[in-house]
Amino acid sequence: MTTEPTARPRQTRRGLQLQRLGAVAGLVVLIIGFAVSSPPFLQVNNLLNIATQTSVIAIIAIGQTYVIITGGIDLSVGAIAALAGVLTADLLRAEVPIPLAILVGLLGGTFVGALNGVLIAYGKIPPFIATLGMLGIARGAVLVMTNGSPVSGLPRAFSWLGNGSVLGIPFPAVLMLVLCAVVGWVLLKSRFGRGVFAIGSNEKTAFLSGLHVPRIKIGVYAVSGLLSAIAGVILTSRLVSAAPTAGEGYELDSIAATVIGGASLSGGVGGIGGTLIGALVMGVLRNGLNLLGVSYYWQQIAIGVVIIAAVWLDALRRRRTR
């Protein structure tokens, strides 16, 4: 699923393709390595488990891709996921119908994301600062709402979203693929998607060509908030409980998946297909290290190394295309 505009310089396209091929090659190497070192890795149940675990990060990373293509960053995605999960869980415990409770949770996440966009587009606050501040606000709101304790006692029917399946495939993985197709199509084919790339390539030129830059930026952060909220609802459904600490670290994982998949932190480059590959790399790496009995602390070190390597490759690509 490619998403780069045709006007992109040939060297940039070649560099992006090479990085995506590198990500695919890295994914294949990880799969072969873990399959050899840990036979249970290739068992069907474990592969389905990887698909389920990867889906939450992948859904958040899809929204993060939009943001990074515009040259921004969203550090509040994990907190928004937790906020949407707690909102939904509180309403469910108050016996609000499941569809309505989910809708309110998704609208809450979309509103917070759009607020990020307003602060960045009209307040002229750098994305890093605006979304970092929103991370603190949203996480604080979650702690106030829950008093620091998980929200449990949710209806059994709600758990199907996170634990159900369609034709034997976990529903979260099906939802992830559907969202990849829809959001990728919007990015590739719509005027809004072309505006996202144009802003990331050169914001001033995008403005002079008639694009409503603030409106597109607000839309991009609203999409990121919505997808974070969807991931938060799925996570709450899987656990049948909304934890105030849910989503911690998801901001780094989503950024890593996006960059591993070929998106550039300088903006103007990226795609949903690459992000999905990046999310799979993260998911396979975590799962394989778990099977090998590697401690969580060493897993964090390994993930950090992967992030640094991806950013270094991005910087190297940009230097070669100047």
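In this predicted model, the side chains of E203 and K217 come together in a salt bridge, with 3.1 Å from N to O. The two partners sit in distant parts of the chain, 14 residues apart: E203 belongs to helix α9 (residues 203–208) and K217 to helix α10 (residues 213–239). Their surroundings are worth a look too. E203 counts as partly exposed at 35% relative accessibility, whereas K217 is buried, with a relative accessible area of 13%.

The structure holds two salt bridges, and the other one joins the side chains of D253 and R286, at 2.9 Å from N to O. D253 lies in helix α11 (residues 250–260) and R286 in helix α12 (residues 272–291), so this pair ties together parts that are 33 residues apart in sequence. Here D253 counts as buried, because its relative accessibility of 8% is under the 20% cut-off. R286, at 22% relative accessibility, counts as partly exposed.

Here are the two bridges side by side:

| D253 and R286 | 2.9 Å | 33 residues |

Let's stay a moment with α12, the helix that carries R286. How far apart are the end C-alpha atoms of α12? They are 28 Å apart, which agrees with the 28 Å that its 20 residues should span at 1.5 Å a residue. This helix is also mostly covered, as 15 of its 20 residues are buried. Just after α12 comes G293, which takes a positive phi of about 80 degrees.

Terms used. Residues numbered from 1 in each chain as written. Predicted model: local features only at pLDDT ≥ 70, side-chain atom pairs only at ≥ 80, totals over all residues. Heavy atoms only, no water. Salt bridge = Lys/Arg side-chain N within 4 Å of Asp/Glu carboxyl O. Helix = DSSP H or I, 4+ residues; strand = E, 2+ residues; numbered from the N terminus. Buried < 20%, exposed > 50% of the residue type's maximum accessible area, 1.4 Å probe, protein only. Expected span 1.5 Å × (residues − 1).
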